Amino acid sequence: MVDFIDQNIIEIRERIRASAKLSGRDPAEIKLMGVSKTHPAEYMLSAAGKLDILGENRVQEAADKRLDWPSEERTPWHLIGHLQRNKARKALDIFDLIETVDSLGLARMLDRILTETDAYSFPVYIEVNMSGELTKSGVVPQEAASLLERMMQYCPRLSVEGLMTIGPNSDDKGDIRKAFEGLRLIRDELRSLSGLHLPELSMGMSSDFEIAVEEGSTIVRIGSGIFGRRSAG
Ligand SMILES: *Cc1c(COP(=O)(O)O)cnc(C)c1O
């Protein structure tokens, strides 16, 4: 339906494949998420069958887009924006996975809501703020281990399956690489501390996904590179 989107997806997949090859990885390990924020639901729907994951950073925007969503279209939806506690219930309802758990308070609230439903486990990632930028959410790297430990203790219905980060706002490729490498190293450390598998590393966006793939990303989150530029605001 929207030709330029199909073409962009083909090109992004090709670049993922090239970066994976360069770093000796199997391209099949890397999932492509399309992030259609501010773009119409039709864009997302036309792309859904060619994407592995659909990402939204606002609960309400996702809810609106899902209103007329065909039930046979089953590509999973991930929340990738900061989650306010008053939207937690709605987020659990709409999304298949929440990538942005960054505090014990939020985790406990999600867990408590889940206990009101049937016995049931819900997949999440912990968001880590690797850049130290105050505008970004995420737990600071030094606190990731204790957050995971407490979630394992207090939030039995949350299944932590990986980590997520947003790369630094920088043109310096060295800084960007350091952030992604850092997330992978934290994952390795948490893995040995917790015994959890933690297979997923959600990192890399339109401007930096190739570096993320070289550093071990398993999910790249692409917005403008697939759907075109967003209007500001
Ligand atoms: C918007 C957004 C993306 C995609 O950004 P692009 O630079 O357009 O690819 C990825 N991740 C998060 C968390 C976002 O908010």
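A residue is taken here as buried when its relative accessible area is under 20%, as exposed when that area is over 50%, and as partly exposed in between. In this predicted model, Tyr 43 has a relative accessible area of 23% and is therefore partly exposed; Phe 4, at 36% relative accessibility, likewise counts as partly exposed.

These two residues belong to the packing of helix α1 (residues 3-22) with helix α2 (residues 41-48), whose axes lie 10 Å apart and meet at an angle of about 50 degrees, which makes α1 oblique to α2. The crossing of the two helices is right-handed, and the contact is formed by Phe 4, Ile 5, Asp 6 and Ile 9 from α1 together with Tyr 43, Ser 46 and Ala 47 from α2. By class, the residues of this contact comprise 5 nonpolar, 1 polar and 1 charged.

A search of the whole structure for aromatic pairs finds 2. In one of them, the ring centres of Phe 4 and Tyr 43 are 5.9 Å apart and the planes stand at 75 degrees, so the pair is edge-to-face; Phe 4 in helix α1 and Tyr 43 in helix α2 are 39 residues apart, and the pair thus links distant parts of the chain. Trp 69 and Trp 77 also form an edge-to-face pair, with 5.1 Å from centre to centre and 85 degrees between the planes. Trp 69 is buried at 11% relative accessibility, and Trp 77 is buried with a relative accessible area of 0%.

Ala 91, located in helix α4 (residues 88-94), is buried, with a relative accessible area of 0%. Beyond residues up to four places away in sequence, Ala 91 touches Val 59, Leu 79, Leu 83 and Ile 98.

Methods
Residues are numbered from 1 along each chain as its sequence is written. This is a predicted model: local features need pLDDT of at least 70, side-chain atom pairs count only at pLDDT 80 or more; totals for chains, interfaces and linings use all residues. Side-chain values use heavy atoms; hydrogens and water are left out. Helices (H or I, at least four residues) and strands (E, at least two) are DSSP runs, numbered from the N terminus. Buried means under 20% relative accessible area, exposed over 50%, partly exposed in between (1.4 Å probe, protein chains only). Contact means heavy atoms within 4.5 Å. Axes are lines fitted to C-alpha atoms, for helices over the stretch in contact, and angles run from 0 to 180 degrees between N-to-C directions. Angles under 35 degrees count as roughly parallel, over 145 as roughly antiparallel, 65 to 115 as roughly perpendicular and the rest as oblique. A crossing is left-handed if the near helix is turned anticlockwise from the far one by less than a right angle, and right-handed if clockwise. Ala, Val, Leu, Ile, Met, Phe, Trp, Tyr, Cys and Pro count as nonpolar, Asp, Glu, Lys and Arg as charged, and the others, Gly among them, as polar. Rings of Phe, Tyr and Trp (its six-membered ring) pair if their centres lie within 6.5 Å; planes under 30 degrees apart count as stacked, over 60 as edge-to-face and the rest as tilted.
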